[in-house]
Amino acid sequence: MSLRIVVCVKYVPDATGDRHFADDLTLDRDDVDGLLSELDEYAVEQALQIAGEADDAEITVLTVGPEDAKDALRKALSMGADKAVHVEDDALHGTDVLGTSLVLAKAIEKTGYDLVICGMASTDGTMGVLPAILAERLGVPQVTLLSEVSVGGGQVKGRRDGDTASELLEASLPAVVSVTDQSGEARYPSFKGIMAAKKKPVQSFDLEDLDIEPGDVGLAGAWTAVDGATQRPARTAGTVVKDEGEGGKQLAAFLAERKFI
Amino acid sequence: MAEVLVYVDHVDGAVRKPTLELLTLARRLGEPVAVALGAGAGATAAVLAEHGAVKVLTADAPEFADYLVVPKVDALQAAYDAVSPAAVLLPSSAEAKEIAARLAVRIGSGLLTDAVDLEAGADGPVATQSVFAASFTTKTRVSRGTPVITVKPNSAPVEAAPAAGAVETLAVTFGERSTGTKIVSRSPRESTGRPELTEAAIVVSGGRGVNGAENFAVIEALADSLGAAVGASRAAVDAGWYPHANQVGQTGKSVSPQLYIASGISGAIQHRAGMQTSKTIVAINKDAEAPIFDLVDYGIVGDLFDVVPKLTEEVEARKG
Ligand SMILES: Cc1cc2nc3c(=O)[nH]c(=O)nc-3n(C[C@H](O)[C@H](O)[C@H](O)COP(=O)(O)OP(=O)(O)OC[C@H]3O[C@@H](n4cnc5c(N)ncnc54)[C@H](O)[C@@H]3O)c2cc1C
Ligand SMILES: Cc1cc2nc3c(=O)[nH]c(=O)nc-3n(C[C@H](O)[C@H](O)[C@H](O)COP(=O)(O)OP(=O)(O)OC[C@H]3O[C@@H](n4cnc5c(N)ncnc54)[C@H](O)[C@@H]3O)c2cc1C
């Protein structure tokens, strides 16, 4: 039996660019380049490694996002995923995490899955909760925030490095996994991979295909509201001095003046 | 007065500071009812009462320690059903965020994570969030259901506000799915004796410029002279010079101390995402063009191996 892996990947604004909000207080996607969230590359990498260990596996990459989000899917396909699913609908503009997770869950069920792999957090919303919500919605175990993961014999095992302890986890498939940036460096797409990606299938779904009411997603259907967004004022330029041998002393004087010593 | 559920983060009964901060925020919204789960839950009551909890709901069962996250969601949901609160507040730890998220789905409510402030508003609590590596501040609200909000450490003062804090046992029925993810083993992190990174008032961090695991002793000595926690950049962590648990940044810990001292750190956007909200920022870097200098209140262009030991010496002398 083939192992069906679905990897959730997000198309995000480049963090090194000038990220902004649009007039309706949603993400301004026009002013800054988008890309595959770097933390989702680790999810694709682990999917490729797990598939490599399995007798027979198929990797589907899935995104919910605008037209341009296809770029994120292409990148994942060029790394080695087999096929892609893109959920796109004008009504999705402004969807929050409860809405996004609803759409992802429906798309995952429609695609069919034994294992869902996510990144630890997106690099824009950075909530870090979507994988747990997916597990809740799909009714399967969550095995999240793993720095090591392996799959075999119908089970997923992994290590979760928490605040106060490191835990070894184990669950039966189907399951939802998320992996951290400690799970292993992601590979670069090869030229061959990039060429092959162009021929791989990308299936598109809209809300109707997934039986989702437009009122349950988008800005209008959101469970949360953004009432204001203000740019943080640039920090007023501080004092920068060159160390001529007295740097340590000068710094101590500054810290004393601010009552830190 | 409306009741507000506060999820208690504790280790064997020792309540962690972010929970006490949550109680301060909860009192702005209503009467705090604390929910403490697992071994030592009962032992949390005194300190919670001292900081404003009118009631402390406790539950302990092997499920909390043996299975991941879901048993705690079942328990918090039981508390939610018992109290019908005006809001549910949790600390922004990785685990508590996941608990919050699953509870929000179950009760059909919106979710806000990583709030840095919280006020009562006409349409329910208004959260302040700091987004896009702290370059924007947003005001957000939950518009459907009972607000479920997680709050970052250091977002409010810890204030004494004695209340009854009557302890009640919470009856929890675990769902079929609560045993889905087994915790096979757990190795507690070794204590360094230094303050917890996210809670510390002062953080002293080292980066690639520290150039070796053994050289981190220079950073640690400064931290110890100031009673500070030690942080590291991802470059230093990836090189194996310092544990990942000490990484500051987007994929490490997010810190917001009174004072942040960065040595040999360039100030990449992903590092800034985790420390930019620090009140006072100091950097030591031998490259005058390093982007970290855009953020500093005080910067020294120089070799950290000259500056840091002298600073440590001076701090010790002034304490003298
Ligand atoms: C600055 C900002 C703040 C926000 N604050 C809130 C808020 O407080 N409450 C709220 O409800 N919503 C909020 N949102 C919206 C929320 O980020 C999106 O709905 C999002 O798709 C889900 O959250 P996340 O990306 O932060 O997920 P995370 O939980 O950080 O993402 C974890 C993983 O989930 C997967 N994933 C996430 N989104 C997608 C997607 N669209 N397609 C495929 N896979 C995906 C990826 O594998 C990712 O690595 C915010 C968005 C922004 C830009
Ligand atoms: C998805 C993603 C997530 C990431 N998450 C994080 C994160 O959580 N935290 C994080 O830190 N990074 C993170 N990064 C990495 C980040 O982009 C940078 O690579 C990293 O922060 C660089 O660390 P650094 O400043 O120590 O090293 P460098 O950028 O190499 O800077 C070293 C600095 O040390 C100075 N220096 C050298 N020798 C000395 C000396 N003797 N005295 C004084 N100064 C000296 C140099 O001038 C230089 O400025 C992430 C990257 C990605 C893509």
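**Backbone features, ligand sites and an aromatic pair**

In chain A, the loop between strand 9 (165-172) and strand 10 (175-179) contains A:Pro174; helices (H or I, at least four residues) and strands (E, at least two) are DSSP runs, numbered from the N terminus. The peptide bond that joins A:Leu173 to A:Pro174 is cis, with omega about -5 degrees.

The structure is a predicted model, in which local features need pLDDT of at least 70 and side-chain atom pairs count only at pLDDT 80 or more, while totals for chains, interfaces and linings use all residues. Residues are numbered from 1 along each chain as its sequence is written, chains are lettered from A and ligands numbered from 1 in the order in which they are written, and side-chain values use heavy atoms, with hydrogens and water left out.

A further backbone feature occurs in chain B. B:Ser84 is a residue other than glycine with a positive phi, near 50 degrees. B:Ser84 is placed in the loop between helix 4 (70-83) and strand 6 (87-91) of chain B.

Ligand 1 lies between chains A and B. It is surrounded by 31 residues, where a residue is near a molecule if one of its heavy atoms lies within 4 Å of it. The closest are A:Cys8, A:Lys10, A:Asp40, A:Gly128 and A:Leu130. The shell around ligand 1 consists of 16 nonpolar, 11 polar and four charged residues; Ala, Val, Leu, Ile, Met, Phe, Trp, Tyr, Cys and Pro count as nonpolar, Asp, Glu, Lys and Arg as charged, and the others, Gly among them, as polar. Elements that each supply at least two residues of this shell include helix 3 (97-111) and helix 4 (130-138) of chain A, and strand 7 (111-119) and strand 8 (126-131) of chain B.

Backbone atoms of both chains approach ligand 1. A backbone N or O atom of A:Leu130 is 2.8 Å from an oxygen atom of ligand 1, and one of A:Asp96 is 3.2 Å from an oxygen atom of ligand 1. From chain B, a backbone N or O atom of B:Leu111 lies 2.9 Å from a nitrogen atom of ligand 1. Ligand 1 exposes 920 Å² when taken alone, and the protein buries 92% of that; accessible areas come from the Shrake-Rupley method with a 1.4 Å probe.

Ligand 2 is surrounded by residues from chains A and B, so this site is shared between chains. Of the 27 residues around ligand 2, those that come nearest are B:Arg208, B:Ser233, B:Ser266, B:Gln270 and B:His271. By class, seven residues of the shell are nonpolar, 14 polar and six charged. Helix 1 (38-53) of chain A and helix 9 (304-319) of chain B are among the elements that each supply at least two residues of the shell around ligand 2.

An oxygen atom of ligand 2 lies 2.8 Å from a polar side-chain atom of B:Gln247. A backbone N or O atom of B:Arg234 is 2.9 Å from an oxygen atom of ligand 2. In the side chain of B:Asp303, an N or O atom is 3.1 Å from a nitrogen atom of ligand 2. On its own, ligand 2 has 980 Å² of accessible area, of which the protein covers 83%.

Over all chains, the whole structure has six aromatic pairs, counted when the centres of Phe, Tyr or Trp (its six-membered ring) rings lie within 6.5 Å. One of them, formed by B:Phe64 and B:Phe174, is edge-to-face, at 5.5 Å centre to centre and 75 degrees between the planes; planes under 30 degrees apart count as stacked, over 60 as edge-to-face and the rest as tilted. The pair links distant parts of the chain, with B:Phe64 in helix 3 (residues 62-66) of chain B and B:Phe174 in the loop between strand 11 (166-169) and strand 12 (181-188) of chain B, 110 residues apart.

Note on methods
Polar contact = N/O pair within 3.5 Å; in protein donor to acceptor, adjacent residues only side chain to side chain.
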